[in-house]
Amino acid sequence: MLLSQILLASLLPLGYGRSFGLYDASMQSQLRIQPQSTQDYLLTDSGLALLHLSSLPSDQYTALSHPRFPNHKVRVKQTQFCDPTVNVYTGYLDVDEGAKHMFFYFFESRRNPDQGKHWSECYICCLSLNLINMTQGPGCSSATGLLMELGPCSIDMSSKSSNGTLWNPYSWNKEANVFFLDQPVGVGFSYADYGETIETTETAAKNVHAFISIFFETFPQFSGRRLHLAGESYGGRYLPVFASEIYDQNQIAEKEERPILNLQSVLIGNGNTDISTLYLGRYEVECGRASFDIPFQSISACVRIKTSLPRCQKRLHDSCINRFDAIDCRAAVSFCDSELSTAMWATGRNVYDMSKMCEGANLCYKEEDVIAEYLNLPATRELLGVEIAGNFSSCSADVSAGFNSNLDKWRVHTQDYVANLLDRGIRFLIYAGTYDWQCNWVANKLWVDKLTWSQSDVYQQETWREWTVNGKAAGEVKGTDLLTFVTIWGAGHMMSSFFSVKVFMCADICFPIYVPHDKPAEALAMVSRWLSREKM
């Protein structure tokens, strides 16, 4: 659903980079710190070389630039938003020579960064919780994941709080620092000076790599941290491409003896990765017994779906998968949705949680409407440092239409990125709530089962077993040292009820998911064990 995307990162004490040799003095001349005034500052052997996030002002943005990314700039400031127990930052990534601006939120970890068990890691989780809507594209804000799933605070639906939000004890920043990035441009508070948008995942990947690089190379407390990317829904498309961009750029950096990003793993929740299994999975959760003991769909609708399924699969393979033809592929997708998806839409059920009916005007959750109202308050926008004049909207139809016009979801075999990353030692956690229809668990299981990589036979030989949280069964798990698949029983697209393309840095960096909305304790336990390399 929402890829939604987050950076979880934990900060080390001031001067950590110098003390442990993680910040090379040769880097100082490459970095430029610019408080937004008329005076420029260079990183030299002075105190500015040890710039720490906590030293940033709250009344204005501090601009960070880097000569390797001449068309990018990061602006960041402190704020008192959401979690009063930690340092919080917001800002913009300016791209294309300042013509496009992507908004982000960053929350430090609630753990003592020196004593937390993940002190040496950083996570990137939630580049924006990009939802797959009916037009089959991304375009939703990471604010959904922040205020509805795994962020430090959740939207107050009972009007009990004085500031519109409630403390979330299951926030993922309990384990790590977290970035929520509204991307691509046009999503959430992100905007373009002239209305342009980004319309392919591969283009978005370059901006994400620039953002992380500028941030990590500017603040030495991030140097060498283990980096994890996490997200959900369209994050299944985003994150393998983003991780591949980081890996490939690391190879170039190593040859040039430059610092690299210490990428360790990718976490994808209820993701959209391999389109070949999507409709097969939907039939099983809607008409079979993969999610419910008694299927909720009518028999007549299920007969129609099963009759059309082979034709749908053939057209997808002929026009989208085995070869890609834009006109024929679009016709195939249109046929599949018309014959296989309309029955589900007609039920009025929530496509992200089949156990519930659709509520609210946006994405079938009442919380979305309240989140929009809260983020449109003048006081909230001032606190965040929002620059865009228009109202906040949880999803952008323009961004979704742009990706859809390029058939971004269909034209590339995203699972091949996953296979190549696994073969290079990057770990993958694939997890899914069993009540989601949109990016359902069966479709994800099917593509993981047939994924071709160097250790696929090892994965196939593993057996399924239950995993538990607080002594209670939470779902099933199967995995190897590199690839793990986890189901969360009774969770929808938004697993943690307090959701990520989804970055963690708690000592790690990561991006979030919807499983946290419905099963917050289970979601937090899963992430904690993954980061610690513990068995589920």
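Tutor: Helices (H or I, at least four residues) and strands (E, at least two) are DSSP runs, numbered from the N terminus. This is a predicted model, in which local features need pLDDT of at least 70 and side-chain atom pairs count only at pLDDT 80 or more, while totals for chains, interfaces and linings use all residues. Residues are numbered from 1 along each chain as its sequence is written, and side-chain values use heavy atoms, with hydrogens and water left out.

Student: Where is Arg533 placed, and what makes it count as buried or exposed?

Tutor: Arg533 is in the segment after helix H14 (520–531). Buried means under 20% relative accessible area, exposed over 50%, and partly exposed in between (1.4 Å probe, protein chains only). Arg533 has 56% relative accessibility and therefore counts as exposed. Its phi is positive, about 60°, although Arg533 is not a glycine.

Student: How do you know that the span of helix H6 agrees with its number of residues?

Tutor: The expected span is 1.5 Å times one less than the number of residues. Helix H6 (residues 299–321) has 23 residues and should therefore span 33 Å; its end C-alpha atoms are 30 Å apart, which agrees.

Student: What is meant by the bend in H6, and where is it?

Tutor: A bend at a residue is the angle between axes fitted to the seven residues ending there and the seven starting there. In H6 this angle is about 35° at Leu309, and a proline, Pro310, follows within four residues. Leu309 is among the buried residues of H6, which also include Ala301 and Cys312.

Student: What covers the buried residues of H6?

Tutor: Contact means heavy atoms within 4.5 Å. The cover of these buried residues includes helix H5 (278–286) and helix H7 (326–346).
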